[in-house]
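Hi,

Here is the structure we talked about. Please have it open while you read; my notes follow below it.

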Amino acid sequence: MPAVLVVTGPSGAGKGTLIRELVERVPEIEVTVSATTRERRRGEEDGREYRFLSAAEFHARVEHGEFLEHVEFISGQCYGTLRSELARIAENGHTPLLELETEGALRVKHEVPGAVTIFISARVDELERRLRERATESSGEIHERIELARKQLEQAREFDHVIENDDLERAVTELTTLVRGLLGATATMPRR
Ligand code: ADP
Ligand code: 5GP
């Protein structure tokens, strides 16, 4: 299995934004497309942001062992990484990058050899401000995500690297430098 990169952190921390900037700068990286049972947001396309599955199909795939990891997140919606995604990206000769909530990220850290985990952090009041401004969830869902965020921020130290996303430009530079370093280190590892 190739080394994988995992980007995690609370909702609103800026994971999606930072990853979009990262892949522009580091073409060796390819982001996995997760499967989910949550509703499609405006502007999202099936197979691009997520593979949108019914709960029945998601659970059938769980039964068939098709997921590397999967979780039930807020509002009972399921999210998971299909093993086939890692295979597809490896075939392209790229390094897979997984964007996961913290539970899935910890599972991958402990179960996938060579996984490197990066936690994106931000202050709780800032998370709430960003989620309200992003306006992709209802007020109740934002409240749930913020309550969960408080717990997730306490888990930051369990991950290999923590990046504070207060200033976006600085955080993009820090993430890019980190990932280039990690890929460089992998590339220079002796091969047998
Ligand atoms: P996540 O994927 O972690 O839920 P997003 O990348 O969707 O977070 O970011 C949440 C919102 O915050 C988006 O509207 C994004 O444009 C904004 N955002 C991201 N990083 C910053 C930052 N450093 N400063 C201010 N706003 C930011
Ligand atoms: P959203 O609904 O905002 O797209 O995502 C909610 C949360 O689910 C985010 O924290 C995101 O990182 C996480 N997530 C997305 N895909 C997966 C996945 O395949 N597995 C896990 N464990 N979490 C995921």
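Start at G80: one of its backbone N or O atoms lies 3.1 Å from an oxygen atom of ligand 2. Keep in mind that this is a predicted model.

A polar side-chain atom of Y50 is 2.5 Å from a ligand 2 oxygen. For Y79, a polar side-chain atom also lies 2.5 Å from an oxygen of ligand 2. The protein covers 95% of the 520 Å² of accessible area that ligand 2 has on its own. The space ligand 2 takes is the largest pocket.

Now ligand 1. It sits in the largest pocket. Its shell has 14 residues, with G12, K15, T17, R134 and N165 the closest. Helices α1 (15-25) and α5 (124-134) each supply at least two residues of the shell. Which side chain has an N or O atom 2.5 Å from an oxygen of ligand 1? That is T17. The backbone takes part too: a polar backbone atom of K15 is 2.9 Å from a ligand 1 oxygen. For G14, a backbone N or O atom lies 3.0 Å from an oxygen of ligand 1. The protein covers 77% of the 570 Å² of accessible area that ligand 1 has on its own.

On confidence, the chain averages a pLDDT of 93, and 95% of the residues score at least 70. Residues 187-192 fall below 50. Beyond near neighbours in sequence, that stretch has 0 contacts in the model. Where pLDDT is low, the predicted coordinates should not be read in detail.

Best wishes

Definitions and conventions:
Residues numbered from 1 in each chain as written. Chains lettered and ligands numbered in written order. Predicted model: local features only at pLDDT ≥ 70, side-chain atom pairs only at ≥ 80, totals over all residues. Heavy atoms only, no water. pLDDT = per-residue confidence, 0-100. Contact = heavy atoms within 4.5 Å. Near = heavy atom within 4 Å. Polar contact = N/O pair within 3.5 Å; in protein donor to acceptor, adjacent residues only side chain to side chain. Areas by Shrake-Rupley, 256 points an atom, 1.4 Å probe, with all protein chains shown as cover. 1 Å grid on protein atoms, 1.4 Å probe; cavity = no way out; pocket = protein on both sides within 12 Å on 5 of 7 lines; lining within 4 Å. Sits in = over half its atoms within 2 Å of the grid points. Helix = DSSP H or I, 4+ residues; strand = E, 2+ residues; numbered from the N terminus.
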